[in-house]
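Hello,

Please have a look at it first, then read on.

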Amino acid sequence: MSYIDRTILKKRNEKLFGQMVKADSLKPTFTLAKLFAFLIALIVHGVALLFLVVAVYLLISALRAWTQGYSGYFFVLLIITIIFGILAFALRPRINPMPLHILSRTYLDVTQLGLSR
């Protein structure tokens with residue numbers, strides 16, 4: 001990196017650090033981006049829940065068709081139920097495990113160390 005690049009980055013980092021120090025509160029706030037992220041997550045998980053409800057309803061309908069002697073409908077409904085069940089399983093919410101290796105403070109950048117104090 002050239003001298004000019006370093007000075008520009010240094011000024012930018014100092015300005016950002018000054019803004020964070022002067023901030024009244026560093027608490028997370030509810031922004032428009034967070035609202036959109038929440039809505040997208042709600043839609044995705046709502047679709048997964050809808051697929052699960054449809055799979056259960058189709059399973060009940062397939063069992064009802066089997067008990068009433070409509071074995072052809074039973075197998076068709078059972079195949080559709082399996083498809084919806086697989087889709088619901090694929091779209092389920094997941095909780096990722098904690099990472100095994102977390103970086104120590106010795107590997108952090110200077111700006112990250114300054115902000116963590």
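Predicted model: local features only at pLDDT ≥ 70, side-chain atom pairs only at ≥ 80, totals over all residues.

The whole chain

The protein chain has 4 helices and 0 strands, so its pattern along the sequence reads α-α-α-α. Of its 117 residues, 10% are buried. The chain exposes about 10500 Å², and 72% of that area comes from carbon and sulfur atoms. As for contacts, if you take those with a separation of 6 or more, 51% are between residues 24 or more positions apart.

Helix α3

The helix I looked into is α3, which covers residues 71–90. How far apart should its ends be? At 1.5 Å a residue, its 20 residues should span 28 Å. The C-alpha atoms at its ends are 29 Å apart, in agreement with that expectation.

Next, which residues of α3 are buried? They are F74, L77, T81 and A88. Looking down the axis of α3, you will find these buried residues within an arc of 75 degrees, so they line one face of the helix. Their packing partner is α2 (32–67).

And what does the face turned away from the buried side carry? There you will see I79 and I86, which are exposed.

Technical notes
Residues numbered from 1 in each chain as written. Heavy atoms only, no water. Helix = DSSP H or I, 4+ residues; strand = E, 2+ residues; numbered from the N terminus. Expected span 1.5 Å × (residues − 1). Buried < 20%, exposed > 50% of the residue type's maximum accessible area, 1.4 Å probe, protein only. Arc of directions from axis to C-beta. Contact = heavy atoms within 4.5 Å. Areas by Shrake-Rupley, 256 points an atom, 1.4 Å probe, with all protein chains shown as cover.
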